[in-house]
Amino acid sequence: MKTITFILPTKDRFETFIKFINYHEKIFKGLKYKILIIDGSKPFTHKKIKKICKIKKNLILIKQIKKGFMNACFQAIKKVKTKYCTFLYDDDLLSGEVIKIFKQTVNNK
């Protein structure tokens, strides 16, 4: 199975970020994935996110350089190394059914 990258822009919403990660770890079981986090948070929050990323194997953290949502998107997309990617936002909660769609997509069905 091919890997899909979920790009996750976040900024100063640590509790929402943790909820997202914990929820989607369960939903994404059986899917080869990476979550590329583009973080525009202040240093205190960034350190907390960095600590979580060291523990979780599928998380890749990059610090946002230029301010603004679109700048975060452009910076993150350059770091994607998989054939498939999509954007999710730190307040998204996907249905377990969406995994069927992702699996079909990455398996070219």
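This is a predicted model: local features need pLDDT of at least 70, side-chain atom pairs count only at pLDDT 80 or more; totals for chains, interfaces and linings use all residues.
Gln75 itself sits in helix 3. Is Gln75 buried or exposed? Its relative accessibility is 16%, and buried means under 20%, so Gln75 counts as buried.

Leu93 makes a handy comparison. This residue is found in the loop between strand 4 (84-87) and helix 4. With 46% relative accessibility, Leu93 falls between the 20% and 50% limits and therefore counts as partly exposed. Not counting residues up to four places away in sequence, Leu93 touches Lys19, Tyr23 and His24. Phe28 and Leu93 are 65 residues apart in sequence, yet their C-alpha atoms are 12 Å apart in space.

Phe28 leads on to the inside of the protein. In soluble globular proteins, nonpolar side chains tend to be buried together. The largest nonpolar core here has 24 residues, and the members that touch the most others are Phe6, Phe28 and Ile35. At least two core residues come from each of strand 1 (4-10), helix 1 (14-27), strand 2 (33-39), helix 2 (43-55) and helix 4 (98-106). Which of the elements gives the largest share? That would be helix 1, with five residues. As for Phe28, its contacts are Phe6, Tyr33, Ile35, Leu88, Leu94 and Ile99, again setting aside residues up to four places away in sequence. Another core, of seven residues, lies apart from the largest one, and its members include Ile7, Ala72, Ala76 and Val80.

Next comes the empty space. Rolling a probe the size of a water molecule over the atoms shows where such space is left. In this model, the largest pocket holds about 180 Å³. Its lining is made up of 13 residues, and Lys11, Gly40, Gln64, Lys67 and Gly68 are the closest to the pocket centre. Strand 1 and helix 3 (69-77) are the elements that give two or more residues to the lining. What classes of residue does the lining have? Sorted that way, there are five nonpolar, four polar and four charged residues.

Technical notes
Residues are numbered from 1 along each chain as its sequence is written. Side-chain values use heavy atoms; hydrogens and water are left out. A nonpolar core is a set of buried Ala, Val, Leu, Ile, Met, Phe, Trp, Tyr and Cys residues joined through side-chain atoms within 4.5 Å. Buried means under 20% relative accessible area, exposed over 50%, partly exposed in between (1.4 Å probe, protein chains only). Helices (H or I, at least four residues) and strands (E, at least two) are DSSP runs, numbered from the N terminus. Contact means heavy atoms within 4.5 Å. On a 1 Å grid over the protein atoms alone, a cavity is a set of points where a 1.4 Å probe fits but cannot get out, and a pocket is an open set with protein on both sides within 12 Å along at least five of seven lines; lining residues have an atom within 4 Å of a point. Grid points are joined across faces, edges and corners, and a volume is the space filled by probe spheres set on the points. Ala, Val, Leu, Ile, Met, Phe, Trp, Tyr, Cys and Pro count as nonpolar, Asp, Glu, Lys and Arg as charged, and the others, Gly among them, as polar.
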